[in-house]
Amino acid sequence: MNTPVLTGQSVAKTYGPTVALAGVSLELAAAESVAVMGASGSGKTTLLHCLAGIITPDAGAITLHTPHGAQRIDGLDAEGRATLRRKHYGFVFQQGLLLPELTAVENVALPLLLDGTDRRAAEAEATHWLHVLGLAGMEERRPGQLSGGQQQRVAVARAQVGAPAVVFADEPTGALDSRTSAQVMQALLQTTTGAGRSLVVVTHDEQVAAACHRVLHLSDGRIVREHRNATATRVAS
Ligand SMILES: Nc1ncnc2c1ncn2[C@@H]1O[C@H](COP(=O)(O)OP(=O)(O)OP(=O)(O)O)[C@@H](O)[C@H]1O
């Protein structure tokens, strides 16, 4: 395996009497795409949220490997997790969660503006990513003036700004028809693994999972099965 970017060891999380994660260990390599599948309630989103620093696990170790060294992230406080997410991660959710009053370019530029980049540089990078995602000419449209697939591509563009090491996607194509879903997934892979970033995607969609290098199957908070897709989409950088 290539150098790991993210490792989890025996990651556990309970909510009252519910064991959401019962000790999950995994390694995510640089430029690798991993799909997380499993029945409703099996712990997929909880795993993604722990790895992504959205929530804190009760036990286990999560380590992010950056060019500047390894950093344990499981014990970070809320502010530390917010910084981690801003500096190292990108996110795509089922509904793009775009701000309706902002244009496409403003939505994509937002994480950079929040991180202190000046507006002109932020909008230049945002425009670049919108072009990469086939949205040239739509920079000034608001989300309500875009189709569902176009909105998701804006969300994919937003996840790339600031060059995150890892992009996390939770059901990124869940609201799309299968043709649009395939296009958005292709765009997501191209801009992540195709550019040397890693991707963790929670999905119920076999077609989405088949496009990833590796698939983890969760059941009752454990990885019960794992396989590699020999034919996964490998997008040249
Ligand atoms: N904030 C919470 N409070 C209480 N229980 C929770 C919370 N979040 C998740 N759970 C429980 O933890 C278990 C795992 O939930 P999780 O959302 O990780 O599952 P999932 O596999 O992503 O499900 P789905 O496919 O339905 O989104 C479930 O039993 C769920 O009810």
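Analyst: We take the sheets, then the helices. This is a predicted model: local features need pLDDT of at least 70, side-chain atom pairs count only at pLDDT 80 or more, and totals for chains, interfaces and linings use all residues. Residues are numbered from 1 along each chain as its sequence is written.

User: What is the strand order in the open sheet of 6 strands?

Analyst: Strands of a sheet pair through backbone hydrogen bonds, either parallel or antiparallel. Strands (E, at least two residues) and helices (H or I, at least four) are DSSP runs, numbered from the N terminus. Two strands pair if DSSP finds at least two bridges between them. Here the order is E6-E7-E8-E3-E9-E10, and the pairing is mixed. Strands E6 (89-93) and E10 (222-228) are at the edges with a single partner strand each, so one side of each has no neighbour in the sheet.

User: In which sense do E3 and E9 pair?

Analyst: Strand E3 (residues 33-38) and strand E9 (residues 214-219) pair in the parallel sense, over 5 bridges. For Val36, the bridge partner in E9 is Leu216.

User: What is the order in the open sheet of 4 strands?

Analyst: That sheet runs E2-E1-E4-E5, with antiparallel pairing. Its edge strands are E2 (18-29) and E5 (69-72), each pairing on one side only. Strand E4 (residues 59-66) joins E5 through 4 bridges. Thr63 stands opposite Arg72 in E5.

User: Now the helices. Which residues of H3 are buried?

Analyst: A residue is buried if 20 or more other C-beta atoms lie within 10 Å of its own, exposed if 12 or fewer, and partly exposed in between; C-beta atoms are placed from the backbone. In helix H3 (residues 104-114), the buried residues are Ala104, Val105, Asn107, Val108, Ala109, Pro111 and Leu112. They pack against helices H2 (78-88), H4 (119-132) and H5 (148-160). Contact means C-beta atoms, placed from the backbone, within 7 Å. After H3 comes Gly116, with a positive phi near 100°.

User: At what angle do H5 and H6 pack?

Analyst: Axes are lines fitted to C-alpha atoms, for helices over the stretch in contact, and angles run from 0 to 180 degrees between N-to-C directions. H5 and helix H6 (residues 178-191) pack at about 10°, with axes 10 Å apart. That makes H5 roughly parallel to H6, a term for angles under 35 degrees. The H5 side of the contact includes Gly148 and Val156, and the H6 side includes Val184 and Leu188.

Methods. Contact = placed C-beta atoms within 7 Å. Parallel < 35°, antiparallel > 145°, perpendicular 65-115°, else oblique.
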